[in-house]
Amino acid sequence: MSTAPLVRLLNITKTFPGVRALQNVSFDLFPGEVHVLLGENGAGKSTLMKVLAGAYMPDSGEIEIKGQKVRINSPAHAQQLGISTIYQEFNLVPYLNVAQNIYLGRYPRRKPPLGFMVDHQAMQDKSRQVLGSLNMDVDPTSIVADLGVAQQQMVEVAKALSIDAQVLIMDEPTATLTDREIDKLFAMIRRLRERGMGIVYISHRLNEVHEVGDRVTVLRDGQLVDTRSIRDLTIDQMVQMMVGREISDLFPRTYQCPGEEALRVENLTSARNGIKGIDLTVRRGEIVGLAGLVGSGRTELVRAIFGADPIDCGEVFVFGKRVTGSSPTQLVEQGVGLLPEDRKLTGLALKLSVAENIVMASLRRLFPRSVVDLNKERNVVDKYIRDLRIATPSQKRLTQFLSGGTQQKVVMAKWLATESRLLIFDEPTRGIDVGAKAEIHDFMDQLVAQGAAVLMVSSDLPEVLGMSDRVYVMHEGQVVGEFCREEARAERVIACAMGQAQAAPSVVSGSSASPGVAAAQPGQEA
Amino acid sequence: MEQTCKPLQKKWYDRVPPVLWVLGIIVVWFAIASRGHFFTISNFLNIAVQGSVLLVLSLGATCVILTEGIDLSLGSILTLGGVVAVLLMTRGVTPVLAMLAGVASGFFCGAITGLLIARGRLPPFIATLGMSGLGAGAAVVLTKASSVYADPAAFVFFGSGRLFGLLPMPIVVAALAFGAVYLILYHTPFGHYIFALGGNEVGAGLSGVNTAWWKLMTYFMAGGLGGVAGVLMAARLHAAEPTIGLRWEFDAIAATIIGGTSFEKGRGGIKGTVLGVLLLAVVRNGLNVIGIRPVYQALILGIVLIVAIIFDVVMKRRQEGL
């Protein structure tokens, strides 16, 4: 690339009270390039991008935009400089329409004397143009709250284009998208790249990196590790750069003979949640994976098992005891724990401390006389912080300040404290960095080795294949396949999840099974 | 073209705001139960006049709630606005100027709460609770805790005159206030920022919106509307009482919520608020017309409020297919 860089960050340092978030980090971005930014949670990726987006001022270092030295002192200023950011939490206003969102903060006005009024017509026309140029058929007058996640993301992209952004920062854009939507997003990224836009792409999903990126910069503990061309690197090398040590095995499993039955589900059906005639079993000492596309009914199934949603018919047995129709409270008493998909919303009380979160579900068990013994609490919490290697400065730290991986460990500790023997994990490592992921996997393995049973919902196929003794595959609310560890291969599971192989895994032909081909699938998941 | 945005197929009855059903049922019931005394044009005008003060006040409450805030000082602001206007008139100030001063007192209170909330980052609940005490206290001090009276012609006309000998002035004032707020809310950047503050304050800030300023402006506007409501109320009574506005902020909040505005995410709008105000006014009026004794009225009104809100919640869940 011979052209001048769009962006050059030189020796950026940024400290927060007690934390050195960035130390002498340099970064550059050329037109027509997708530059991937990798690093574990807390490595400084977000901080670096917030410096570029005008949300943080660096303590020292220089920023050059198209060769001009600048100080970016607000998000609005960054926008004027042509830098647009799509955060994981969208900057969209749910009850305004698409056009009103695209032009938020810079509404076109009508001609004087009506200059105080917003020119809705012009705004909608221009929005339609921008959306059209992205091949997006979204009506500018639809209310954003009525759109799906993927469409909302497209609105964010349109917003970036409408301010003539030349630099687009995307923070984990694929975290909440289905495979089909991801393909679309990548196609769009390629189009933007052809227009000469520079894109900074932050992601945890290493397998996406080769598909979408040109160069990669890896950060670790606030420091620059290296910037390299992606073609020269394998995924393993990238992982090694991120963690600074070799992770010998992301999926540590010590397989053993499964024991007695921990969970049996018979013909479970819930029409309103779209699940039909589910049969499955989980035995002690087993990790059972539940694979399928987003929207195939996996979360709905585990919620129904856990008694969180009503069911129409079918039976659920836990450790041989019939629990059909029981409430979550009763299931917890039977030793069942659910680690929900959205840990920030339903897994944790973010405003409470690590200690309070850990004992929350087991107060009754720990303190049967309804008086909290603080000494005992401290000891119990201490034990889990040590066992799970929870990275927290103290028991009193509020969980909202912890990284995603650490938060997930707190949720795990909470259920371990209840002495649950059947644990249901819904997306246990989504949005969690590689190091913490390996630790969580390691811990899951220890759990089943000690005789617990685990049912794991995951959209991360390598995780399902690497961790499970057996895999059930769901498609449109039904279990359409069951594979033992030896039979479970990526292409088979994917084909099955896409409804291309009914029930019998042995008849799957290899030809129909490349991960990207979701085109045959009518978009049932909404 | 998989990107096509398919709006949910809604039946016509899903488009009707839930509160309208409740209102319709109540109107029909009163019409029957009152044997014709309720369903007359003069009684409807009556209801509209009775509802107009509350509507002006509720417009402000709705805007504040759309920003995910709350204003507990509106009742006190209403009291103070009337007191300021009437007292100035008793001191010989021209009625128009005195009334403007009453309105200005509302804007002033709103500016203070706005400052405390937007710049001082106090929670709206606390800041407006404080202002509620301040406003009510100031009204008591200014009037020495007794009612004050004034009846210059212009003032009386403002409260009980008829425009072109036809339309009662309170209705005209409420309609103008509605028109102005409608224009602001749906046709100016300020209005859009009100929705944005409630919907995604952080996101709006990152999109370059000066969120603190527009939040201040929202409370400023609500205070001003409170002042207008206070002057209007005093003009109807030819008097200002130091406790007249007691609990009015709750009526304003109730009208907003019944009208379908949510405390979260900037959802709702002022059209629903008109229906919410009408519901309250219709029930109060209807209970009188069919001769329910006043001791029971508060109780019945409370029940109607709860039923209306439950109905709203249930209908919304239904419409969203949850």
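# Briefing on a predicted two-chain model

In chain A, four strands form an open sheet in the order β12-β11-β14-β15, and their pairing is antiparallel. The model is predicted: local features need pLDDT of at least 70, side-chain atom pairs count only at pLDDT 80 or more, and totals for chains, interfaces and linings use all residues. Residues are numbered from 1 along each chain as its sequence is written, while chains are lettered from A and ligands numbered from 1 in the order in which they are written. Helices (H or I, at least four residues) and strands (E, at least two) are DSSP runs, numbered from the N terminus. Two strands pair if DSSP finds at least two bridges between them.

**The four-strand sheet of chain A**

- The edges of this sheet are β12 (275–283) and β15 (321–322) of chain A, each pairing on one side only.
- Strand β14 (residues 313–318) of chain A is joined to β15(A) by 2 bridges in the antiparallel sense, and A:Val318 has A:Lys321 as its bridge partner in β15(A).
- Helix α9(A) packs on the sheet and touches β11 (261–270), β12 and β14 of chain A. Its direction makes about 70° with that of β12(A); axes are lines fitted to C-alpha atoms, for helices over the stretch in contact, and angles run from 0 to 180 degrees between N-to-C directions.

**The six-strand sheet of chain A**

- Another open sheet has 6 strands in the order β16-β17-β18-β13-β19-β20 (chain A), with mixed pairing.
- Its edge strands are β16 (336–339) and β20 (478–484) of chain A.
- On average, neighbouring strands of this sheet are turned by 15° against each other, direction ignored.
- Strand β19 (residues 470–475) of chain A runs antiparallel to β20(A), with 6 bridges between them, and A:Met474 stands opposite A:Val479 in β20(A).
- Helix α9 (residues 298–305) of chain A packs on this sheet, and its direction makes about 145° with that of β18(A).
- Helix α18 (residues 490–497) of chain A also packs on the sheet, touching β13, β19 and β20 of chain A, at about 30° to the direction of β19(A).

**Strand β3 of chain A**

- Of the 5 residues of strand β3 (residues 34–38) of chain A, 5 are buried, so the strand is largely enclosed by the rest of the structure. A residue is buried if 20 or more other C-beta atoms lie within 10 Å of its own, exposed if 12 or fewer, and partly exposed in between, with C-beta atoms placed from the backbone.
- A:Val34, A:Val36 and A:Leu38 point one way from β3(A), whereas A:His35 and A:Leu37 point the other way.
- β3(A) pairs in the parallel sense with strand β8 (residues 198–202) of chain A over 4 bridges; in β8(A), A:Tyr201 is the bridge partner of A:Val36.
- β3(A) also runs parallel to strand β9 (residues 215–220) of chain A, joined by 4 bridges; in β9(A), A:Val218 is the bridge partner of A:Leu38.

- Helix α4 (residues 74–90) of chain B has 17 residues, of which 15 are buried.
- α4(B) is followed by B:Gly92, whose phi is positive, near 90°.
- In the contact between the chains, 28 residues of chain A meet 24 residues of chain B; two residues are in contact if their C-beta atoms, placed from the backbone, lie within 7 Å.
- Helix α2 (residues 75–80) of chain A gives the most to the side of chain A that touches chain B, with 3 residues.

How values were computed: Expected span 1.5 Å × (residues − 1).
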